[in-house]
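Let's take a walk through this one together. Have the sequence and the 3D view open side by side as you read.

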Amino acid sequence: MRKRLALMKPTAYLINTSRGGVIDSMDLHDALKAKRIAGAALDVFEKEPLEADSPLRTLDNLYISPHCSGASDDPRNAQIVMAAENALRILRKEPPLYILNPEVLKRPR
């Protein structure tokens, strides 16, 4: 991880909202403290929850938040509407919206 962080520009911000294990916390801490990168934003950590005495908490160029932004009413309502719209589209023999792998629609059945 240290080598990858060293490839980043000093003006870069690292954002991780995927999995905590993707980022080595100590390597990130060292890069942020030395200002080798401008900042970082995380909502996942190697060890969940982030420990109260974690050195990451001492940094003023690290933004942390809980990994639950999709748990509010608006995103949930949007998911329900999108699922219903796609179900109706499929019943009408229309392709679903926002399909990640449209090539599967071209396969013979």
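Start at Tyr-63, which sits in strand S3 (residues 62-64). Strands here are DSSP runs of E with at least two residues, helices are runs of H or I with at least four residues, and both are numbered from the N terminus. Keep in mind that this is a predicted model, where local features need pLDDT of at least 70, side-chain atom pairs count only at pLDDT 80 or more, and totals for chains, interfaces and linings use all residues. Residues are numbered from 1 along each chain as its sequence is written, and side-chain values use heavy atoms, with hydrogens and water left out.

Now for the sheet. S3 belongs to an open sheet of three strands in the order S1-S2-S3, with parallel pairing. Strands S1 (13-16) and S3 are the edges, each pairing on one side only. Two strands count as paired if DSSP finds at least two bridges between them. S1 and S2 share four bridges, while three join S2 (residues 39-42) to S3. Across from Tyr-63 in S3 stands Ala-41, and the bridge partner of Tyr-13 is Gly-39 in S2. To get from S1 to S2, the chain passes through helix H2 (residues 25-33), in a right-handed β-α-β crossover (with the strands pointing away from the viewer, the path from the first strand over the helix to the second runs clockwise).

On to the charges. The structure holds six salt bridges, each a side-chain nitrogen of Lys or Arg within 4 Å of a carboxyl oxygen of Asp or Glu. One of them pairs Arg-2 with Asp-30 at 3.2 Å, N to O. This pair links distant parts of the chain, with Arg-2 in helix H1 (residues 2-6) and Asp-30 in helix H2, 28 residues apart. Arg-2 counts as partly exposed because its relative accessibility is 44%.

Another salt bridge brings Lys-35 and Asp-60 together at 3.5 Å, N to O. Here Lys-35 lies in the loop between H2 and S2 and Asp-60 in the loop between S2 and S3, 25 residues apart. Asp-60 has 62% relative accessibility, so Asp-60 counts as exposed.

Terms used
Buried < 20%, exposed > 50% of the residue type's maximum accessible area, 1.4 Å probe, protein only.
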